[in-house]
Amino acid sequence: MGYVYDPMICRPFCLKIDKLTSLVIKPLLHSLKRRKLVVNGAEANKFFLSNEFKLVVSSWPSSSVQLMGENSIMEKQGEAHRCLRGIVATSLSSTGLENLVPKICSTIENHLEKHWNGGEKAIGLYSLTKVLTFTIVLECLLGIEVKDGMLEVFERVLEGVFAAPVNFPGSKFSRAKSARREIENMLVDVVREKRKEMEKKEQENGEGEGILLSRLVAALIRSEISEVEVLDNVVLLVFAAHDTTSFAIAMTLRMLAHHPNCYSILLKEHNDIMRGKRPKETLTFEDTKMMNYTWQVARESMRLFPPIFGSFRKAIHDIKYDGYTIPRGWKVLWTAYGTHYDPKYFEDPLSFNPSRFEDPIQPYAFVPFGGGPRLCAGYQLAKLNILIFIHYVVTRYDWSLVSPDEPITMDPLPFPSQGMPIRISPKLP
Ligand code: HEM
């Protein structure tokens, strides 16, 4: 038995996993060619995700590959993947991100100052968290200044990532392709400028300011990667972080609004952190380690509303699994829902119960960030982004949902269909 939130009305209902397959997954596959299958359960997730490069390789739609670029990390295999992942993961590890906390805090404070202040009002939470996530990835992680209009161009690319790859004028895909060219023109100057500056300063080791872009450009100077690899991976990182982190934040706030008891516990956690600080003193990495309950709430929200449905793997050999043979060339779709709503792994799976994360969860049962060699490289950044943003929101604002039952639409990534409007008013000091 498995459960799913009705994506149209966003209310839970229960149905058999085979029904889930026929209601949600078959229509998804209908438009695609045959030779695909769907797997569910922690054992299957473990088998297919951990056998990346050995039995399967990740397999993205042609439009995604064309728009992210053939040189992005998601298209790399084996040694090339290991090399690029090493560069990207160093900046995205907790040690790499520790120094970013003050910058993330000041970016969030500026964002709130610009978009949230001005007394009592209603705002579109989802689109604003996208503005924030974009700024955090570009400015804090990569060290690239956000200029006017940049977000809109990136979003036009993202709109085409799952569109049919038909290149006729006016189609989503062709608009996305031309936006991708615009981005390349923008970024190529940034990368060349950075290269000149680093060669002049002989900073090829990539340490110091500029962060991930410096590391990528340092690898470029050492001829480990090409200029096009730098560009493709900058675009990929924005794509990987954008809708996912924003949706996770939106769903965490939504679930808090629906569960006032959880909200009280969470608020106490943040007030306790504030009590140990001087007025205006900023958060530290150590403070984020005290946000255990907040991270449980965020994980429970991602369990019920995974930002990524799942993804495809392609068999590179004939695979024997569970008594079946999956022929070489077939595609396998692993899904987060297949385990997140299964009572075998999560007792009373429809209930919102953040405390379930106090106990260890069976490996590969909770998979919003995937698993195996392609486990989300940005997991730690997403975590910091979510925790710090929630901290500022709950300690500085009273807020409520405008449409508590707003439907969640899947296209194919999930998003709140009305942009999740919330009413906010600043808390009195
Ligand atoms: C809540 C937020 C996020 C979620 C739910 C999420 C989810 C995922 C998932 C499920 C995968 C694996 C896809 C697969 O196996 O095919 C993945 C991969 C990846 N993610 Fe995330 N992600 C999030 C945020 C981020 C952020 C903030 C970044 C970086 C800025 C990022 C960078 C990446 C990269 C580079 C990969 C590819 C890893 C590889 O192929 O080795 N993600 N993410």
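Across which strands does helix 2 lie? In this predicted model, local features need pLDDT of at least 70 and side-chain atom pairs count only at pLDDT 80 or more, while totals for chains, interfaces and linings use all residues. Residues are numbered from 1 along each chain as its sequence is written.

Helix 2 (residues 42–50) lies across strand 3, strand 4, strand 6 (310–315) and strand 9, where contact requires C-beta atoms, placed from the backbone, within 7 Å. Helices (H or I, at least four residues) and strands (E, at least two) are DSSP runs numbered from the N terminus. The helix runs at about 130 degrees to strand 9; axes are lines fitted to C-alpha atoms, for helices over the stretch in contact, and angles run from 0 to 180 degrees between N-to-C directions.

These four strands form an open, mixed sheet in the order 3-9-6-4, with pairing defined as at least two DSSP bridges between two strands. Strand 3 (36–39) and strand 4 (56–58) are the edges, each pairing on one side only. Neighbouring strands are turned by 30 degrees against each other on average, direction ignored. Strand 3 and strand 9 (residues 331–335) run parallel and are joined by four bridges, and Leu37 stands opposite Val332 of strand 9.

Around the ligand there are 25 residues, counted as near if the C-beta atom, placed from the backbone, lies within 6 Å. Ala241, Thr244, Gly370, Cys376 and Gly378 come nearest. Helix 4 (78–92), helix 7 (125–142), helix 11 (227–258) and helix 16 (379–396) each give two or more residues to this shell, and helix 11 gives the most, with six. The shell comprises 17 nonpolar, six polar and two charged residues; Ala, Val, Leu, Ile, Met, Phe, Trp, Tyr, Cys and Pro count as nonpolar, Asp, Glu, Lys and Arg as charged, and the others, Gly among them, as polar.

Conventions: Contact = placed C-beta atoms within 7 Å.
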